[in-house]
Amino acid sequence: MADLHLPRPDYRIDGFKATTEQTEEYFSSVTLSDDMFLPLVEHHSADGRDSYLLMYDWAAIWDVPGTAEYVSVHISRDDEHRTFDFASEAHPTVPLAQNWLIRRGCPQEAAELSNIHWPRPADALTSRLEEQLRANPDGRYTVIDHHTRHPGPAGLGVEVQVLLHDTAPDSASRPYRLFLEETTEDFRSYTVREGAFATADAAHAWARDRPCALPLAASAPSDVRLTRAARSRSSVASDADLPTVSLPGAPHRTAAAPTRVRRSVS
């Protein structure tokens, strides 16, 4: 990893100071090891007030097992006072990170991945499921828990489990959805599949024991068209209370994920 020579994120805060001391400390903690960040999305508004970044954190593979590997950042600036505000969150998958950026004002087209060597969707179903998460219409999905299994710097396949609660009426009988993302060992492509469960405990048990194939959710109607799905992560072919649950190997999290605190890299 020492020879990655990654491009540094462009925060565009030269000549600006943080709005508060707490903001400055938070910015410093998140960007402490940003030499390990690989920028995947970088958008700066035409008026210079906002910047949106989505980055892959190579250091996550040395963190606590299950740690999310994507970091999204929103920087907002006040030109008159030469100050900036800062928000950041860690996400287990790209579509969830893109949704966070879009909800904070990033144009949808600007949230697409840069033209870099990165895994691409292996099939149309993967693209459709990713678009569901990216759009999250009417806030139908709430993330309950997630776990990333990454065997190490050599790659050898990555698996991400994201457990969500789905409020869509047609999901009422099995509202707990486990999105399973599996990247190939050569890091060229990946699949996403959606499992449906009646309870969070049932989803948890399946993820722990794998007693059978993933109980797939019903396919969307054939007339549904998601116009942006084909572009999702495919630009480069080379490469109301919800319960607290935990997927295998992951620490307990509540439905409302805590704000990301930058870790030390061992």
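Keep in mind that the model is predicted.

**Stop 1: the sheet that starts with E1**

Select strands E1 to E5. They form an open sheet of 5 strands. Read across it and the order is E1-E5-E4-E3-E2, with mixed pairing. Which strands sit at the edges? They are E1 (17-18) and E2 (37-44), and each pairs on one side only.

Now zoom in on E1 and E5 (residues 83-91). The two strands run parallel and are joined by 2 bridges. Pick out Ala-18. In general, strands of a sheet pair through backbone hydrogen bonds, either parallel or antiparallel.

**Stop 2**

Select helix H1, residues 21-30. H1 lies across E1, E2, E4 (70-78) and E5. Compare its direction with that of E5: the angle is about 45°.

Next, select helix H2, residues 94-103. H2 lies across E2, E3 (50-57), E4 and E5. Helix H2 runs at about 15° to E4.

**Stop 3: a pair of rings**

A pair of aromatic rings is described by the distance of the centres and the angle of the planes. The count for this model comes to 9 aromatic pairs. Show the side chains of one of them, Tyr-11 and Phe-27. The ring centres are 5.2 Å apart and the planes make 80°, an edge-to-face pair. Why does this pair tie together parts that are 16 residues apart in sequence? Because Tyr-11 lies in the segment before E1, while Phe-27 lies in helix H1.

**Stop 4: the sheet that starts with E6**

Select strands E6 to E10. Here 5 strands form an open sheet, again with mixed pairing. The order is E6-E10-E9-E8-E7. At the edges are E6 (120-121) and E7 (141-149), each pairing on one side only.

Look at E8 (158-166) and E9 (176-183). Do they run parallel or antiparallel? They run antiparallel, and 8 bridges join them. Click on Leu-164 and then on Arg-177, its bridge partner in E9.

H3 lies across E6, E7, E8, E9 and E10 (189-197). Helix H3 runs at about 65° to E10.

**Stop 5: the largest cavity**

Rolling a probe the size of a water molecule over the atoms shows where empty space is left. About 100 Å³ of space lies in the largest cavity. Select Glu-69, Tyr-70, Val-158, Glu-181 and Thr-183, which lie nearest its centre. In total, 14 residues line this cavity. E8 and E9 are the elements that give two or more residues to this lining. By class, the lining has 8 nonpolar, 3 polar and 3 charged residues.

**Stop 6: the second largest cavity**

What is the volume of the second largest cavity? It is about 50 Å³. Select its lining residues: Thr-93, Pro-95, Glu-130, Leu-133, Val-160, Val-162, Phe-179, Glu-181 and Val-192. Helix H3 (124-135), E8 and E9 each supply at least two of the lining residues. The classes here are 6 nonpolar, 1 polar and 2 charged.

Terms used. Residues numbered from 1 in each chain as written. Predicted model: local features only at pLDDT ≥ 70, side-chain atom pairs only at ≥ 80, totals over all residues. Heavy atoms only, no water. 1 Å grid on protein atoms, 1.4 Å probe; cavity = no way out; pocket = protein on both sides within 12 Å on 5 of 7 lines; lining within 4 Å. Points joined across faces, edges and corners; volume = space filled by probe spheres on them. Helix = DSSP H or I, 4+ residues; strand = E, 2+ residues; numbered from the N terminus. Nonpolar A, V, L, I, M, F, W, Y, C, P; charged D, E, K, R; others polar. Pairing = 2+ DSSP bridges. Contact = heavy atoms within 4.5 Å. Axes fitted to C-alpha atoms, helices over the stretch in contact; angles between N-to-C directions. Phe/Tyr/Trp six-rings, centres within 6.5 Å; stacked < 30°, edge-to-face > 60°.
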